[in-house]
Each structure stands twice: as structure tokens, then as C-alpha cells.
Amino acid sequence: MIYLDNNATTRPGPGVVAAMNAALTQFWPNPSSIHRPGQAARQQVELARRDVGTLINAPAREITFTSGGTEAIHLAIRGVLGTAARRTSSGGTPALPVVVTPRTEHAAVRELLEDLQKRGGADIRWAPVGRDGLIDPAALGPLLAGAALASIQWANNETGAIQPVAAIADLCRRHRAVFHCDATQWAGKMPCDAPAGGADLLTFAPHKFHGPKGVGILWARRGLAIAPPMPGSQELGRRGGTENVPGILGAGAACREAAVWLADPGGRERLASLRDRFERTIVEALPGAVINGPADPALRLWNTTNIGFPRLEAEALLLLLSEQGVCASAGAACSSGSLDPSPVLLAMGIPEPIAHGSLRFSLSRDTTGAEIEEAAAVVISAVRRLGQTLPIGSPSRTPGAA
């Protein structure tokens, strides 16, 4: 089986498995206990916190462990909004805190903000993106006036589009808006200096870079006020509940291994070339196929490609690929069972006939050239097979073009 699905591709390695096994066999006591075994577990948790901080060049005391990337995002957004001072509207009534975000965010952000808006918890200003999925900082600036928070991901989970985070951070500072950056697709795959990057809050999940599922990470800049949605004494008072020690130790191991891998840029360059070869092989063989996202591959994360096959159904294509030993996803992996076209692609202005037939393929550190060649051949065969009953018949188009 060839795994090109974002969550299946990054299988934990021996080091992560060993760390989690140690948590279950040696360090299983509650790390909040004051007895010696409990404090031994606490020491391991704090060492893992240090390793996470090292990966993103942040102090360990600024790291909070959660149950996953989604909870980390909720802690960041709800935590900031819980401390945001209520403004007064021109009519003298309290005004809701303003949040600025694009509709291309991961569902964990997008659906949370849609729910807050529906329930009267926040006023959401939706930032526009271009056909390439990128935000224009010039268009973002006016939206930040009076905003309490901006939430913009570093790299998109479906297209790999890399946002101009430094420019966004500068705009947020000018407008005194807190900047939350969802770095789930960035951390562990690209060098990340959280304090220097300009964001005030950074969230990510180690299972995106060969760590375990069920653990997430929030980095919050020192001095930033956060009202925890789930109060408790654990995690510096920011997140109550007994810590997931196996997950945390596995996360620490994944961060250590990612830091070693990131030290050599050759690995990223090799995988980016494999991604480009995969795209080129498919587009040349299937003239109707189109790459969704920035036309310049350098503006997309090395591990991600999103390819649209006009007028085909993504679900049917995924099933056919799976039967032939290739695992991929349609849109976000956590919502790929949906029959609706990706909200991210639609927000980019991708026509529905293309969005309905778009698949995401994700590489990992372990992906080989042989796997890429075999997977491309399987994709081409599957598309042609489905096209016999419903031909794609769409003219070729420059990737990212309108």
C-alpha cells in the first residue's frame, strides 16, 4: 500500500513508539502526584515540553499540551476572546470582539468561528483570498481595524499554499490584533522560529510529522492573557485534566527526530522534487488535470499537491485508487467522507466541476521515488478508467491561473 494521505503517510517511527511504550510501562503514574514515581513521570513530560520548544525555538514554559490540534486551536481562539475587552458600538451597546480569518482555514478554525458568529460570540470578518489561495496583505490591513484577533494558517492543509506570515504578523502588530497562526502543516516539516515569526499564538499537532495522534500543542507568547475554556491546575493552569503522558512523550520524540531531519535541507529538496515529478507526470498524461494552488511550487509546502480532475467524482476516484493500493484524500483527511466539494477550493474560486473531482496527495519524510512513480501510474490509469464513462474533457490550464 502506498500512503499519500496526510494522516496515514506519517506513520510513527521506532523512536516515537519506544517513547510511548516507556510511558506505558515505566512512567505510567499520574505526573501530578507528589510521590517519586509521579515525579519521574513529571520529569519525562517536562523533557518532552523542552523538546517541543526546541523544535520551534521557544521556551518550554510557553508550551501547552492539549488533546489534539483542534483543542489547541480552541484554546488559542476562545482563550484570547475570553479576555478581549468588549468594545462599545456607536449606539452605546457592547460590540462583539472582531476576528479576521479567510474561509480557506482548516475546519477546526473555520467551523469554530462560524459557530461563534452564529451564537453571538464574535463578529467574523472573512478575508478574501486569490485563486491561488493566498491572502493579499494590502486587502487584509483594512479588515484588521478594531480587530481583537486574526487567525491565519501558515500553510494550507489541502493545497499547501504558504501564506505571507511575516507580512501578516506585521499588520497585526500595527493594528494591535493578536495573531494566531495554525502551523499544523508547517511545524516539523519546515524550520520554525515561533518567537521570531511574529505570531502571538502557534498551534500544531505532532501526528503530522510522524508523531502520535491524540496530542496537540499550543505555543503562546509570554505575557499574553488567555482565559482557559477548560480550567484546571495542569498545563500551567491553561488546560485542566490529567496529561496524556504516552502521547506527550511520543510528541517529544517526534519533535527531536524532526529537528534532526530539518537540519539537512537536502531532505526537503529531494521530496519537493518528487512532488513536482508526481504532478508533472499526471498533468502531462491527463491534459484536463489541473493543480489547485499557487502556480509557483515554491509557494506550496513540499509535501502537498492538490490535483483536480474536472467532472469526475473524487469519492469514486478515491475508492478506485484504494483498490489499486494508493491511499489519498479528498479535501481535509478528517472530512474526506463528505460528498460536498471542498469549502477551501470553493473559497479560492475553483469551479465546482474541478472542486468535485479534486484529490489531495501528501508526501512524508519516508516517501520514495519508486512509490511516487507507481502512484502516478495508478492515478493516471484510474482517471482514464473513470473517464471512459464520464470523460473529463476539460482543456488544460496553467496551474493557479484563473
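Guide: Let's begin with a lining: Trp154, Val165, Cys181, Asp193, Ala194, Gly197, Gly198, Ala199 and Leu202 line the second largest cavity. This is a predicted model, where local features need pLDDT of at least 70, side-chain atom pairs count only at pLDDT 80 or more, and totals for chains, interfaces and linings use all residues. Residues are numbered from 1 along each chain as its sequence is written, and side-chain values use heavy atoms, with hydrogens and water left out.

Visitor: What's a cavity here, and what counts as lining?

Guide: On a 1 Å grid over the protein atoms alone, a cavity is a set of points where a 1.4 Å probe fits but cannot get out, and lining residues have an atom within 4 Å of a point.

Visitor: What volume does the second largest cavity have?

Guide: About 40 Å³, where volume is the space filled by probe spheres set on the points, and grid points are joined across faces, edges and corners. Its lining has six nonpolar, two polar and one charged residues. Here Ala, Val, Leu, Ile, Met, Phe, Trp, Tyr, Cys and Pro count as nonpolar, Asp, Glu, Lys and Arg as charged, and the others, Gly among them, as polar.

Visitor: And the largest cavity, which residues line it?

Guide: Among them are Thr10, Lys189, His210, Trp302 and Arg365. That lining splits into three nonpolar, five polar and three charged residues, around about 50 Å³ of space.

Visitor: Switching topic: which residues touch the most other members in the largest nonpolar core?

Guide: Ile56, Phe278, Ile282 and Phe309, out of 99 residues in that core. A nonpolar core is a set of buried Ala, Val, Leu, Ile, Met, Phe, Trp, Tyr and Cys residues joined through side-chain atoms within 4.5 Å, with buried meaning under 20% relative accessible area (1.4 Å probe, protein chains only).

Visitor: What does Ile282 touch?

Guide: Leaving out residues up to four places away in sequence, Ile282 touches Ala289, Ile307, Phe309, Ala376, Val379 and Ile380; contact is heavy atoms within 4.5 Å.

Visitor: Where's the bridge partner of Ile307?

Guide: Ile307 in strand 12 is bridged to Ile291. Strands are DSSP runs (E, at least two residues), numbered from the N terminus. Strand 12 covers residues 304–308 and pairs antiparallel with strand 11 over two bridges; pairing takes at least two DSSP bridges.

Visitor: What's the strand order in that sheet?

Guide: The order is 11-12-14, in an open, antiparallel sheet of three strands. Strands 11 and 14 each have a single partner strand, so one side of each is left without a neighbour in the sheet.

Terms used:
1 Å grid on protein atoms, 1.4 Å probe; cavity = no way out; pocket = protein on both sides within 12 Å on 5 of 7 lines; lining within 4 Å. Helix = DSSP H or I, 4+ residues; strand = E, 2+ residues; numbered from the N terminus. Buried < 20%, exposed > 50% of the residue type's maximum accessible area, 1.4 Å probe, protein only.
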